Amino acid sequence: MLLSLSWLREFTPYGGSAQALGDRLTMLGLELEDIRNPYAAISDIVVGEVVECVAHPESDRLYLCRVNADRGELLDIVCGAPNVASGQKVPVALVGTRMSDGLVIKKAKLRGATSCGMICSERELGLTEDHSGIMVLPAKMRVGQRLVDALELDTEILDISVTPNRADCLSVLGLARETAGAFGLPFAVKDLPFVEDRRTEAFVLPLEVEDADLCRLYSGRVISGIRVAPSPMRVRYRLNAVGVRAISNIVDVTNYILFECGQPLHSFDLDKLKGGRIVVKTAGDGEKFTPLDGQKRALTVQDLCICDAERIVGLAGVMGGLNTEITEESRNVFLESAVFKPESIRKTSRRMGLSSEASYRFERGIDQARTVWALDRACAMMAAFSGGVVRRGLSLVEPKPFVPVEIFFRPERAAALLGVKMEDEFCEKTLVGLGCAVVRSEGSERGWRVRQPSWRPDLTREVDLVEEAGRMYGLDSISPVLPPLCKNLDDAGKLESEFAFWARVKRWGMGLGLNEAVNYSFVGHRDLDLLGLPREGRISILNPLSAEQDVLRTSIAPGLLQALRNNLAHGATGLRLFELARVFEDAGQMAVQTSDGLPTAARETGVLGILLYGSRYDAAWPHVETDMDYADIRGVVEHLLHFLHLPTPDVESVSDHHWLLPCVTISVGGRAAGCMGRVKPSLAGNFHARKDVWLAECDLDALRCMHDAVRVAFVPLLVYPPVRRDITVIVADCLRAGQVLEHLESLCLPLLADAVLLDVFEPEPGERRLTFRLTFRHARRTLKDAEVDKEREKVAQSLVKAFGVRI
């Protein structure tokens, strides 16, 4: 919203600077984007008087002028405008002046005559597009005065960013009301002299509204005997300052009222309306219409139209029709002022690509109580500018009158929400200043009855009034205070929430050096088909954004694999990702199907996905350059279970997984907890992977349930050092390392604290060498080497006896 500071001062006596106003409005939620001077380029132009004007002896079209610009002597200026004459007050660009197009005025000779400046037209000044002749100024202007001061041009324009809920601030009137409230200034609107012509008979155009929900109010008046001509200077140049091109006195008035009052208007050539009536209704499907931009468009049944007795003459709230356009021959005008449903205008505007200042305001809401007032204000201006008269009679139909919302407001609630105590008098003054009607009540339930003003459709709840009180108080004036934390000892043993559990798992992943991925819940059927996942249980999207997002994911793998593809495209050589998200499945036989075949219930499961790819280390030195493998993905999963105080998982190889090969299932205490393995190479190639991709999916709901059942026991920290011994066993390839570890655990040796698989070596097919690291420790003393060697020998003999291995 472009706001002229001088225009604003016509409603409230603000005497501060533009920057100070912009800063205050910003703190009120109306952000200042920029402050501009639209007439900075002509700030050096002065008012001059043509003292003498004679024809150039060497040219038929040039004139030799002597101009008084209050510079001590008369200036010789050669001018080619046909309307230049002696005695005129004109704008003069002196030597050295830089014009708006970058041209610098220099002393020059034209056909042998010296020219020391330029007499300007309106187009050369950037005021309008008129270049038919020089600009002739009113005779009362003082010679030598700056043109911008003489014309009282709007030189301070604030560009204010208005949020969608503040439609009332899309006008000078609304921003002046905000300014008055912010600075404690009076606010007043001067009424224009509106007079209906009593000499002519009344003229009320019959109106009909077919859908009261789409058009809440429609009104209009007739102005007769007009003459289309340019608007007064003040109106033309003010509109130009806020970025609107001046067209004619009739059109300029509608634009002026739109910016001043926020009410869009439209003027029809009354003589072109057929049948002498207006009907507001939706268009027929496929019906053609040509708006003012000259492009014929096909309409739909959702487009609200303004029609006469035979045809469409305007798109409601968007643009008028070419068939009733105001031209120089127009003599009678029907001026429309209406309120349309914002959603309807928004849909039509977006579908047709027709966005205008009028549709922008209709889409956000119009002050219905002031619609007729704005119409009368425009009629008064139009009659004054065009020489016409306002005919008696108001055409008005209001099928859905405005009913203000009554809100219960409690000052104590405002203090609780804002964290600051505000006096009741301040709250009441603020609400009254906003235009609310306030009725205070003192009783058992202390509160006020507040009625919203017609220009604030966003005020519908108590919290909205609290926000207004906080805005005017100054959110920057509220001191930041940490809220008190009251920990109830009775809550100490309660289970943590799902949100807290997920947050803790996320911190684990980041602490382990994994990068969190966040993907959409929507994937494509093609993504799931590529993984070989069954179509049973999928939940399709009724109105998908695209073919790539037409179903809810049943696995977390597609998103992680797409993230792998994107990272590889950006040159990544190693990738460690994790994602916590939900997967969705049809609830099965218990779900009721709708008429569209969609389930009414779905089963959601929390899943943790982990993806490892490429180099194990970010840099080779001092590490050996190697790629991640099964040990890495299993190590991450086991680390997670250890973090959650769960036992080491049981794993079992499976051969029928859809997209993992090899694949092992993960179970903890006999309960399934997920799976992990290598993505099939043929499938990984679709995501540009040139190395093995290791992926795990863990059931977060199951892990949380098992975690909640764990009773954590704390033990003293061990103070005596451990002693480690490595042992390598030569086994057949059919013996799993897990069997060896289970056997070592079953020995229950008191000094054997831990055993881990350290290395696997296969010198030839059918034979493997497994190296285990044994950790021995005593809780109360330091072990001797002889004791440790004896315990190691017990382990070795037990393995030979149990599995027939060689040590």
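Helices α13 and α16 are oblique to each other, because their axes cross at roughly 135°, and angles under 35 degrees count as roughly parallel, over 145 as roughly antiparallel, 65 to 115 as roughly perpendicular and the rest as oblique. This is a predicted model, in which local features need pLDDT of at least 70 and side-chain atom pairs pLDDT 80 or more, while totals for chains, interfaces and linings use all residues. Residues are numbered from 1 along each chain as its sequence is written, and side-chain values use heavy atoms, without hydrogens and water.

**Stop 1: α13 and α16**

Select residues 498–511 for α13 and 630–643 for α16; their axes come within 11 Å. Helices here are DSSP runs of H or I with at least four residues, strands are runs of E with at least two, and both are numbered from the N terminus. An axis is a line fitted to C-alpha atoms over the stretch in contact, and angles run from 0 to 180 degrees between N-to-C directions. Now show R504, V505 and W508 of α13 with V636, H639, L640 and F643 of α16, which make the contact (heavy atoms within 4.5 Å). By class, this contact has five nonpolar, one polar and one charged residues. Ala, Val, Leu, Ile, Met, Phe, Trp, Tyr, Cys and Pro count as nonpolar, Asp, Glu, Lys and Arg as charged, and the others, Gly among them, as polar.

**Stop 2: α19 and α20**

Next select residues 737–746, helix α19, and residues 785–803, helix α20. They pack at an angle of about 125°, with axes 11 Å apart, which makes α19 oblique to α20. On the α19 side, the contact is made by Q739, V740, H743 and L744; on the α20 side, by V795, S798, L799, A802 and F803. Six of these residues are nonpolar, three are polar and none is charged.

**Stop 3: the cavity**

Select D168, C261, G262, D367 and W455, which lie nearest the centre of the largest cavity among its 19 lining residues. A cavity is a set of points on a 1 Å grid over the protein atoms alone where a 1.4 Å probe fits but cannot get out, and lining residues have an atom within 4 Å of a point. The cavity holds about 230 Å³ of space; a volume is the space filled by probe spheres set on grid points, joined across faces, edges and corners. Helix α4 (172–183) and helix α9 (371–386) each supply at least two lining residues, and α4 gives the largest share, three. The lining divides into eight nonpolar, six polar and five charged residues.

Definitions and conventions. On a 1 Å grid over the protein atoms alone, a cavity is a set of points where a 1.4 Å probe fits but cannot get out, and a pocket is an open set with protein on both sides within 12 Å along at least five of seven lines; lining residues have an atom within 4 Å of a point.
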